[in-house]
Amino acid sequence: MKQPKPPLLKNIIYAFLFGGGICTIGQAILNLFVTLGVPEKQAGNPTVATVIFIAAVMTGLGVFDDIARVAGAGIAVPVTGFANSVTSMAVEFRREGLVLGTGSKMFALAGSVIVFGVVTAFFIGLISALI
Amino acid sequence: MQSYTIERKIGKQSVLLDKTVTLVSSATVAGPKESLGPLSAFFDRSYNDTILKEKSFERAECHMMEEACHLALAKAGLSPDDIDYFIAGDLLNQVISASFCARRLAVPFLGIYGACSTLTEGLSIGAMLLQGGFARNILVATSSHNCSAERQYRYPTEYGYQRPGYAQWTVTGAGAVVLSSEAGEGPRLESITIGKVVDAGIKDPFALGVAMAPAAADTIYNHFVDMAREPSYYNLILTGDLGGVGKKLNEDILAGKGYTITPNYSDCGVLLYYPHQQVGAGGSGCACSALVFLGYFYEKMLKKELQRVLLVATGALHSPTTYLQRESMPAIAHAVSLEI
Amino acid sequence: MGSYWTAFLVGGLICVIGQLLFDLTPFTPGHILTGFTVAGGILGGVGLYDRLIEFAGAGALLPISSFGNALAKGAMAEAARSGILGVLTGMFELTSTGITSAIIFGFIMAIIFNPKG
């Protein structure tokens, strides 16, 4: 067996289908909140919360990683991936206690997204304030 | 001051043993994926889940090692009191599976770390202790567990990510073997070659086979040179867990040095699972060589279907810290020659 | 904002970019998702990400890049309102939902479930 290359075409197709699918479901949830009376500009928030909830449950049930093996970036890039990284750490390290395990390690994987998001926003904000 | 001659040292890295070191019994305990593989009939105990009703994956792994030890002792008709030293290791930080197993056994304990080469490292040290008259009966054990290893080296077990196709699957299982210098039936350890650490500069922690193959080739080469043997001397040359990719690399490196091992060469990582079990390039982990050799090939040797086997377990000696610090992965391989 | 087919298209394409980065570069998912967040922040800074959200709805809101956008927008908005210190005070205005939900639901799942391996 030579060092096998990833099946690129298959991965791209699944990433497109799963990513598009998840965002379409998200769009349906967003439209649902709008019809429930949430102003359109703010409907993104409960939508994101709902999607995070679903991804967290899937992680807890142990099915998220099975889907992610196929979906790849299609499920990792949307906020489902963020929810999974937090939930999987929280669940895994419960064994080391709620405080020192779950509490301390929850953001081990997702932390850099928050850190670099904040750092970027800081400089963007500074630049926008100064120009 | 008297000077002592080293009578048993052969060449640069090898030691010749006389007839006294026998593998009198072996026992294997396997996890769910391994129990669905082609060698499932050869394991003493199989579990169809990874937690074994324990509180954590770490405890489950220790449970497997304890069980393997007790089964091996029972098969040899010995109790822990008869054992002079317990030599064991595993993949976890501070070698906890071995240490906590040793706590239960209450036998003088030598904990070792050779990553996935632990089995042959343990057999080598045990053989030398027996050869030197420092013991009569030694228990060697090793274990690995997919979830405890994944959790420590890579990601939490429910994290969703795609592993590369050349990645390997850490085996869940444990193996134990009783070595004795007293009379007993079983393959005897004829010679050993202790490996040097070899670093091929590989930094990708998923490319274990490629990282370990040069170490395997180095040890096998030095074994042939020290013992003045050709590959054909052995019915079977068996590496621990190079996987499909590393196996090929090993063959190529040795061929380049003038030793063609392909006709009688196999790798435990390739043998343990069916292709449809989605294990990438094959199995890896301390239990890989333990389950395949102690479960399957040990039986074949007892039936004299194989008479001369060179077992070369291979280990990658990196840690999550060295990987993050952008170090490459040094590797090691220890070889033991078995005859019956 | 957005429609079903623009959400599908844009969401799918953003994920395809992610998959190409996963498979063709040596970077880990952690690196790549961080990169998406930073990209979202930069696009948010120049006002482009909001237009993408208008066009694609959930197709731009759900990818992690929108988190970067929301942080940048929060910082800029507060800075415009109350001066340069607003960069520090306003950042999490628009994104607290994501982090709060992840913490709460992650915590609850840790209480209910055990890892399956």
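Contact, as the word is used here, means heavy atoms within 4.5 Å. By that criterion, 54 residues of domain 1 of chain B are in contact with 52 residues of domain 2 of chain B. The model is a predicted one, in which local features need pLDDT of at least 70 and side-chain atom pairs count only at pLDDT 80 or more, while totals for chains, interfaces and linings use all residues. Residues are numbered from 1 along each chain as its sequence is written, chains are lettered from A in the order in which they are written, and side-chain values use heavy atoms, with hydrogens and water left out.

The two domains of chain B span residues 20-180 for domain 1 and 189-339 for domain 2, with bounds that come from an automatic or database domain assignment. Their C-alpha centres lie 18 Å apart. Between them an area of about 4,200 Å² is buried, 69% of it given by carbon and sulfur atoms; buried area here is the accessible area (1.4 Å probe) that two parts lose on being put together, summed over both. The count of salt bridges between domain 1 and domain 2 of chain B is 0, a salt bridge being a side-chain nitrogen of Lys or Arg within 4 Å of a carboxyl oxygen of Asp or Glu.

Turning to the aromatic rings, the structure holds 15 aromatic pairs over all chains. Rings of Phe, Tyr and Trp (its six-membered ring) pair if their centres lie within 6.5 Å, and planes under 30 degrees apart count as stacked, over 60 as edge-to-face and the rest as tilted. The pair of Tyr14(A) and Phe18(A) is tilted, because the ring planes stand at 45°, with the centres 6.3 Å apart. These residues are 4 apart in helix α1 (residues 8-35) of chain A, and are therefore separated by about one helical turn; helices are DSSP runs (H or I, at least four residues), numbered from the N terminus. Tyr14(A) has a relative accessible area of 31% and is partly exposed, as is Phe18(A) at 29%, where partly exposed lies between buried (under 20%) and exposed (over 50%), with a 1.4 Å probe and protein chains only.

The rings of Phe16(A) and Phe8(C) have centres 5.5 Å apart and planes at 85°, so this pair is edge-to-face. The pair crosses between chains, running from helix α1 of chain A to helix α1 (residues 4-24) of chain C.

Within chain B, ring pairs link Tyr155(B), Tyr159(B), Tyr161(B) and Phe206(B) into a cluster.

Terms used
Helix = DSSP H or I, 4+ residues; strand = E, 2+ residues; numbered from the N terminus.
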